[in-house]
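Here is a short report for a reader new to this protein. Please look over the sequence and the model before reading on.

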Amino acid sequence: MNVRKTKRSTSTLAGILLLSLLLAACGSANNDNGADTGAEPTATNTATNAPTASDQPTEFKLTDGLGHEVTIPVEPKRIIASYLEDYLVALDVKPVAQWSVTRGTQAYLQEYLADIPAIPFDLPYEAVLSFDPDLIITGMASTVEGGKYEQYSQIAPTFTLGDEVNGDWRQALLKVGEVLGKTEQAKQVLADYETKAAEAKATIQSKAAGQSAAALWLTGNNFFVVSDTQSSGAVLYGELGLEVPATVKEIADASEFSWNSISLEKLAQLDADHIFLINSDGDGAEALKDPVWQGIPAVKNGNIHEFGADTSWLYTGPIANNQMIDHILESIVK
């Protein structure tokens, strides 16, 4: 018999027994502490001491702009948010389908959405169904009128922003962020925009203080002028502090629309230092050859800044407005 080996074995066994007693005592102390605090046991991941995946919510409830309580899935994968794609892009979300009309999609977003199939702007039931969405977000109340809300809700949870929120891109961005569980990211996108707009305004005021501007849209050989408080007008005047020409103010005050028709006679009175022309008619447009157009001071002075309909000037949102600010700075600040 090997006495040394036996002693080593006995010593090892004693050590194991002692360690077992210590662990048992610690376990008993931990159990007593839990009982004293009255804490309820929870399922945890033993490696991280964090709640298990099964404990995480898979959906939440939110009331939309029409008063519907909507059960929204956490981290939806197949989203339709027609004409709200600007907000999705700003939040790093790709929809399963994108808004379109006969002339195409929102061209200024195509660097982000080029691979996304189109869906008609009026969201036909069959088209929506074919994309198998797990969340539908709509803007205006009119989008879901005539029983459409009930139809869409049978396909997927449907959340409508409502006219008030939809009409204010800042509110719309924050609400879409809330619906998608990206509230903090939406706040950061807005904060970044406010910083950029403030810096751009300071630059313009240092280089072109007191100068006025107008945005005109040429389509079908007719001119339209933007309101001073909506769309690109809100950027020109509200964000960047350019002066509003009297003609623009007069037309805007008589209408509730973003873009309003302006006659050649009114164009002749347009006292703007700069004109931003969104030209949907392309090169050789007959309206641009008219003597009235040629006689406008901004035209004669070479202060026409022309952009195509594929740019963001006809839209609004964080992506659109950021692009417009870049265009305005490049045009006015020499």
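## Basis of the model

This is a predicted model: local features need pLDDT of at least 70, side-chain atom pairs count only at pLDDT 80 or more, and totals for chains, interfaces and linings use all residues. Residues are numbered from 1 along each chain as its sequence is written, and side-chain values use heavy atoms, with hydrogens and water left out.

## The whole protein

The protein has 14 helices and 14 strands. Helices (H or I, at least four residues) and strands (E, at least two) are DSSP runs, numbered from the N terminus. Of its 334 residues, 40% count as buried. Buried means under 20% relative accessible area, exposed means over 50%, and partly exposed lies in between (1.4 Å probe, protein chains only).

The accessible surface comes to about 17800 Å². Carbon and sulfur atoms hold 52% of that surface. Such areas come from the Shrake-Rupley method with a 1.4 Å probe; for residues, only the protein chains shown count as cover. A contact means heavy atoms within 4.5 Å. Among contacts with a separation of 6 or more, 61% are between residues 24 or more positions apart.

## A parallel sheet

Strands of a sheet pair through backbone hydrogen bonds, either parallel or antiparallel. Here, two strands pair if DSSP finds at least two bridges between them.

Two bridges link strand 5 to strand 8 (residues 135-138) in the parallel sense. In this pair, I79 stands opposite L135 of strand 8.

## Antiparallel strands

Strand 10 (residues 213-219) and strand 11 (residues 222-226) run antiparallel, joined by four bridges. L218 stands opposite F223 in strand 11. The hairpin of these strands has two residues between them, and G220 takes a positive phi near 60° there.

Strand 11 is also joined to strand 12 (residues 259-261). Three bridges join this antiparallel pair. F224 stands opposite S261 in strand 12.

## Helix 8

Helix 8 (residues 183-208) has 26 residues. From first C-alpha to last it reaches 37 Å, close to the 38 Å expected at 1.5 Å a residue. The expected span is 1.5 Å times one less than the number of residues.

Its buried residues are A186, V189, L190, Y193, A197, A200, I204 and A208. Their cover includes helix 2, helix 7 (169-179), helix 9 (231-239) and helix 14 (318-332). Just after helix 8, G210 takes a positive phi of about 80°.

## The largest pocket

The largest pocket has a volume of about 1200 Å³. Of the 40 residues that line this pocket, the closest to its centre are Y83, M140, N166, S258 and T316. The elements giving two or more residues to the lining are helix 2, helix 6 (163-166), helix 7 and helix 9. Helix 9 gives the largest share, four residues.

A pocket is found on a 1 Å grid over the protein atoms alone, as an open set of points where a 1.4 Å probe fits, with protein on both sides within 12 Å along at least five of seven lines; lining residues have an atom within 4 Å of a point. Grid points are joined across faces, edges and corners, and a volume is the space filled by probe spheres set on the points.

A213 sits in strand 10. Its relative accessible area is 0%, so A213 is buried. A213 and H274 are 61 residues apart in sequence, but 4.5 Å apart in space, C-alpha to C-alpha. Leaving out residues up to four places away in sequence, A213 touches L236, Y237, L242, E243, P245, A272, H274 and F276. S212 lies in the loop between helix 8 and strand 10. S212 is buried at 8% relative accessible area. Beyond four places in sequence, the contacts of S212 are E243, P245, D271, A272, D273 and H274.

S82 lies in the loop between strand 5 (79-80) and helix 2 (85-90). S82 is buried, with a relative accessible area of 11%. Not counting residues up to four places away, S82 touches W99, F121, L123 and I137. A252 belongs to helix 10 (residues 246-253) and is buried at 8% relative accessibility. With the same exclusion of residues up to four places away, A252 touches S227 and D228.
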